[in-house]
Amino acid sequence: MKPGSRSQFYDRFFLWLFVVAAVLVAAVVMAIIAIVAKQGFQTFGSVNPLELHFSTNWAPPEHFGALSFIVGSLAITFLAIVLGGPLGLAGAIFLAKVAPQSVRQVMRPATDLFVGIPSVVYGFIGLTVLKPVLQKIFGGSGFGLLLAGLILGIMILPTVISISEDAIRSVPRRLEMASYALGATRLQTIARVLVPAALPGIVTAFILAMARAIGETMAVAMLIGNAPQMPKSLFTPTATLTTEIVLEMGNTPFGSPWNNALFYMAFILLAISLGMILLIRLVVQRRVTAE
Amino acid sequence: MNKHALDRLATVVLYVTGAVIVGILLFFLLFILGRGLPVLTPDFIFGRPSEVAAGGGVGPQLFNTFYVLGLSLLFSLPVGVGAGIYMAEYARAGRLTYVFRLATECLATVPSIVIGLFGMILFVNAFGLGFSIIGGAAALAVLNLPVLVRVTEEALRAVPRAYREAALALGATRWQTVRKVVLPSALLSLATGVTLVTGRAFGEAAVLIFTAGTSVSRYFPDLNPLAAGETLAVHLWYVNAEALVPDAPRIAAGTAALMIIIVLFFNLFLGSLTRTLQKRLGGKTV
């Protein structure tokens, strides 16, 4: 083939096209970080950083204490992983090692469907099914951390299940066989061989699930009660970073301290999410060096 | 209790777990459909919404949902698939590849509300698009992008190495190999992946509230991409949170059921379609 022929030109051309696409993806991430940070950090022109991080007094335009939102976000994330994590892990073990083929063929599309249900529909289900139940049992309005946490726990199931299942499945067969050969039961093999060997993958699944929970907006906004106050119990109407942004972003003038403070809250969310990715890198790296 | 009894108990517990997970799903689906199906008359599905009186429909929202979705794929497919091809076919292990992969992972974890705010500043304000169908589509494209990169890369990596070697040995260039050999063999799993991406973007609301807006055009159907672009998902949130109409619960139930039916269609029908095609073409299951 002559250099400079038509096919070689196309070869070059498309290589560069693909490079541009990859660069564009990276550029979008950086643009998101830069734009949200730039807008968010303008808050500190008029708001004391100490107040924003450590006060619970949210009374714009005078006071911008965002602590209760940060606590709210962390609390529902914790609740979601406590409620949904073990259930999802058990589901993953069941799918990977216990369920017969026929059961798996039903359950796998089912977990895919969990992902497909829109988060507003999850919120709607929480409102119409779960809220009346909580009201009846515990009294009060029903809105609060527990209601949002319960629905979030279900929403993170597919993340926990699919990644944990992959991790358990990819444990080398010989480890499992060796365990059985030593006379271990299936439970012993699962608990002492499979889960420990798959632990980095399971931890990754849990971290990704938490990232999903802390960033979830619509379902939580419909269930948390939307009151800018510190949660005193699981049933106090409260707010999270995401719900406060959705609630107030539309009513505040762009560029005002109030609006900027909301952008700073978005920046906190972004920092937590990206921190989780780095955490996963750390977990996976540890496994590689351990081998 | 001896270890065998314990083992049997654990098996029972795991079966119950599986049943609980599938049971929750079935209950959710049946509940939503049971409550919403009676609302789904042609008047509701294709009718126009009403601001204050009862009896409004969701026609424009349904139209906008697919319009925004289609436009967003128009933006994100070339870039996402292109970047995925680069990662699977060209990228060598090294620092640059590491950065690209990290960037894709980061983009995939950015909370959707943050993407919504980014879209609001960039597309709605800076580009002057306003709360519009095209503004929403651009923001939604950002959300789709990392998932598209991943499904493309996975689909291409599943193509056996020998195919490429054979093509290259015959004197094909890299691009000819990709276009004539790799992409055709990966097409079905690629299509499945894109369907999944579409299904996920379909129900997204947080990205769209501050980019596509919470209102619809006065005209229906309005093809103008600069028209206000409230979708079904945003509408469901809006009627619950702020609407003035007296029949908000009815509209919410109907909208939720309509969305679930579309999601079921995406998952079941298109899923079985690709499986059948795969069998027809005699391909392996990927």
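**Where chains A and B meet**

In this predicted model, R186(A), L187(A) and Q188(A) of helix α9(A) meet K3(B), L6(B), D7(B) and A10(B) of helix α1(B).

Trainee: How is α9(A) oriented to α1(B)?

Mentor: Helix α9(A), residues 186–197, packs with α1(B) at an angle of about 75°, and their axes are 7 Å apart. Angles of 65 to 115 degrees count as roughly perpendicular. The orientation of α9(A) to α1(B) is therefore roughly perpendicular.

Trainee: Which residues of α5(B) does α1(A) meet?

Mentor: The axes of α1(A), residues 6–41, and α5(B), residues 112–126, come within 10 Å and cross at roughly 80°, and the two helices are therefore roughly perpendicular to each other. By class, their contact has 9 nonpolar residues, 1 polar residue and no charged residues. From α1(A) come I32(A), I35(A), V36(A) and Q39(A), and the residues they meet in α5(B) are V114(B), I115(B), L117(B), F118(B), I121(B) and L122(B).

Trainee: Which helix gives the largest share of the side of chain B that touches chain A?

Mentor: The contact as a whole takes 72 residues from chain A and 68 residues from chain B. By class, the chain B side has 47 nonpolar, 16 polar and 5 charged residues. The largest share of that side, 16 residues, comes from the helix spanning residues 3–36 of chain B, which is α1(B).

How values were computed. Residues are numbered from 1 along each chain as its sequence is written. Chains are lettered from A and ligands numbered from 1 in the order in which they are written. This is a predicted model: local features need pLDDT of at least 70, side-chain atom pairs count only at pLDDT 80 or more; totals for chains, interfaces and linings use all residues. Axes are lines fitted to C-alpha atoms, for helices over the stretch in contact, and angles run from 0 to 180 degrees between N-to-C directions. Helices (H or I, at least four residues) and strands (E, at least two) are DSSP runs, numbered from the N terminus. Angles under 35 degrees count as roughly parallel, over 145 as roughly antiparallel, 65 to 115 as roughly perpendicular and the rest as oblique. Two residues are in contact if their C-beta atoms, placed from the backbone, lie within 7 Å. Ala, Val, Leu, Ile, Met, Phe, Trp, Tyr, Cys and Pro count as nonpolar, Asp, Glu, Lys and Arg as charged, and the others, Gly among them, as polar.
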